Number of protein chains: 2
Amino acid sequence: MTSKRVSRHSKGHRPIGVFDSGLGGLTVVREIRRRLPHETIVYYGDVARLPYGTKSPEQILRFSIQNTLFLLKHKVKALVIACNSSTSAAANFLRRHFNVPIVDVVQPAAEVACRSTRSGRIGVIATSATIGSRVYEKALKKRNPKVKVFGEACPLFVPLVEEGWLEGKITHDVLDAYLRKLKKKKIDVLILGCTHYPLLKKSIQKVMGSRVRLVDSMAPTVQQLAQLFDRRDLHAAKKQKGLLKIYVSDKPGNFVKVGESFLGEKMNFVEVVRQK
Amino acid sequence: MTSKRVSRHSKGHRPIGVFDSGLGGLTVVREIRRRLPHETIVYYGDVARLPYGTKSPEQILRFSIQNTLFLLKHKVKALVIACNSSTSAAANFLRRHFNVPIVDVVQPAAEVACRSTRSGRIGVIATSATIGSRVYEKALKKRNPKVKVFGEACPLFVPLVEEGWLEGKITHDVLDAYLRKLKKKKIDVLILGCTHYPLLKKSIQKVMGSRVRLVDSMAPTVQQLAQLFDRRDLHAAKKQKGLLKIYVSDKPGNFVKVGESFLGEKMNFVEVVRQK
């Protein structure tokens, strides 16, 4: 096979598939759009069945398989699991059984956290499903067995974000109630282990103090995606205009408000796909 | 047909079917157990896809139809829609298309509220789906066109209850943020239009003050159910020991804690039924 022929058959023009339990994963899409503007993205948000983070690993795995099958129909060249709960319950399974390169949101953030810590004491805040799975702890200790990891499930953070209460006294008090224990652990890095949490970054920083570095998954995930495209020659051509197609399993009343707050731009293409 | 023959063919021994988006409907089950201890109950909680209250009417209708079909397989003699969001989106459809007597949680509470108000000013707190549907307003005005109805969606109440934060300063502040507007409306009755809310009753009463009467659906719904059984000769025999079978679409980590707080007794029979 000549290199020309390989190039002609490159999958670069194909879309990137991204899925999440709802709209939180659009924070990752926002970063893909910024860093890789020529890429076309097909997003699937399982709004009808959100949230995942309070549900069992078996259930999250089932949902994640369905989401993956939907995106594969769109002939995606790579899959981004833009949901920490799905990553924790399904990333291994999906990698084993589906023939598509997969980038998740846990490994990239763990990588950055390990590089950033000086004290070796790292905090993780996430949904109950993600914390229960110890997925971050495993990812961090694989890189550095000496780090100490302190996890805290924060079930009210997602509803707070969905409600748009990103700042203010009540939000501060709720955050403080969950973060109080972590503050005593003398961590110097805190991983925001849920794609909703970047919207609370300012308030979390205020509660944790300026000496704790907050690490979210957005930038490191897109960095890994770009590196994957480098290695496998999967970048879209520079002349290609990156489109964004958003598919969701439901479109509730506050859909546009919430979605655009995550995405940071208008949602022009949105289609509701009813699953069984 | 002799009356004896009718009696032999009575459906009284059959179970009552109850469904909800999750475990909140167990507050209604608790009241059925108390008032009608000989009745066997089959409960279906759609824990995998909860909450319903933030989702679209179309989606809630789809879920509600599936839940109903599941319960009909158990040959239920009556169906209780123990979820206000489902009632608002699906009660009319289910009554029209299924051949089973249906009791919902909206009509009974509306009846009590109309009887209780003196000022004719009634407040309703519920999920976004229920408030958006104006189902209480319609039910109240049907009974008394002169009442003034003030609705307020309270999306954070369900997560608060699921988290077990039923009292305390943060809960008080969150409640106050949502109820502040209603307090200015000079209502004398407030309908708790979500089966989760009875667990917040004490805190809501504190915020609203003692002059506002809180009406929840539990007792009035079971009263309507008992009246239905009177009319149609559907009561279980007194010698029958009432069983409670709980089916759920998922069983997450905090399942037992949350479920038993709603039910007020141990959950002895629980089975997970995976829907597609």
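**View 1. Helix 2 meets helix 11 in chain B.** In chain B, the residues B:Thr27, B:Val28, B:Glu31, B:Ile32 and B:Arg35 of helix 2 meet B:Met218, B:Ala219, B:Thr221, B:Val222, B:Leu225 and B:Ala226 of helix 11. Here, two residues are in contact if their C-beta atoms, placed from the backbone, lie within 7 Å. By class, this contact of helix 2 with helix 11 of chain B has 7 nonpolar, 2 polar and 2 charged residues. (Ala, Val, Leu, Ile, Met, Phe, Trp, Tyr, Cys and Pro count as nonpolar, Asp, Glu, Lys and Arg as charged, and the others, Gly among them, as polar.) Before going on, please note that this is a predicted model, in which local features need pLDDT of at least 70, side-chain atom pairs count only at pLDDT 80 or more, and totals for chains, interfaces and linings use all residues. Residues are numbered from 1 along each chain as its sequence is written, while chains are lettered from A and ligands numbered from 1 in the order in which they are written. Helices (H or I, at least four residues) and strands (E, at least two) are DSSP runs, numbered from the N terminus.

**View 2. The angle between these two helices of chain B.** Two packed helices are described by the angle between their axes and the distance between the axes. For helix 2 (residues 26–35) and helix 11 (residues 218–232) of chain B, the angle is about 50° and the axes are 9 Å apart. Axes are lines fitted to C-alpha atoms, for helices over the stretch in contact, and angles run from 0 to 180 degrees between N-to-C directions. Helix 2 and helix 11 of chain B are therefore oblique to each other; angles under 35 degrees count as roughly parallel, over 145 as roughly antiparallel, 65 to 115 as roughly perpendicular and the rest as oblique. Their crossing is right-handed, a word used when the near helix is turned clockwise from the far one by less than a right angle, with anticlockwise giving left-handed.

**View 3. Helix 2 and helix 11 of chain A.** Now look at chain A, where helix 2 (residues 26–35) and helix 11 (residues 218–232) pack at about 50°, with axes 9 Å apart. This makes helix 2 of chain A oblique to helix 11 of chain A. The crossing of helix 2 and helix 11 of chain A is right-handed. Among the residues that meet are A:Val28 and A:Ile32 from helix 2, and A:Val222 and A:Leu225 from helix 11.

**View 4. Where the two chains touch.** Chain A brings 21 residues into contact with 21 residues of chain B. Helix 6 (128–133) and helix 9 of chain A each supply at least two residues of the side that touches chain B. Helix 9 of chain A gives the most, with 4 residues. That side of chain A is made up of 8 nonpolar, 6 polar and 7 charged residues.

**View 5. Helix 9 of chain A beside helix 9 of chain B.** The two helices pack at an angle of about 150°, with their axes 10 Å apart. They are therefore roughly antiparallel to each other, and their crossing is left-handed. A:Ile170, A:Asp173, A:Val174 and A:Ala177 meet B:Ile170, B:Asp173, B:Val174 and B:Ala177.

**View 6. A bend in helix 9 of chain A.** Helix 9 (residues 169–183) of chain A bends by about 40° at A:Ala177; the bend at a residue is the angle between axes fitted to the seven residues ending there and the seven starting there. Buried residues of this helix are A:Thr171, A:Val174, A:Leu175 and A:Leu182. (A residue is buried if 20 or more other C-beta atoms lie within 10 Å of its own, exposed if 12 or fewer, and partly exposed in between; C-beta atoms are placed from the backbone.) Their cover includes strand 5 (121–126) and helix 8 (157–162) of chain A, together with helix 9 of chain B.

**View 7. A:Ile187 in its loop.** A:Ile187 is in the loop between helix 9 and strand 7 (189–192) of chain A. A:Ile187 counts as buried because it has 23 C-beta neighbours inside 10 Å. Leaving aside neighbours within four places in sequence, its contacts include A:Phe150, A:Leu182 and A:Val212.

**View 8. A cis peptide bond in each chain.** Most residues other than glycine have a negative phi, and most peptide bonds are trans. The bond joining A:Leu50 and A:Pro51 is cis, with omega about -10°, and the bond from B:Leu50 to B:Pro51 is cis, with omega near -10°.
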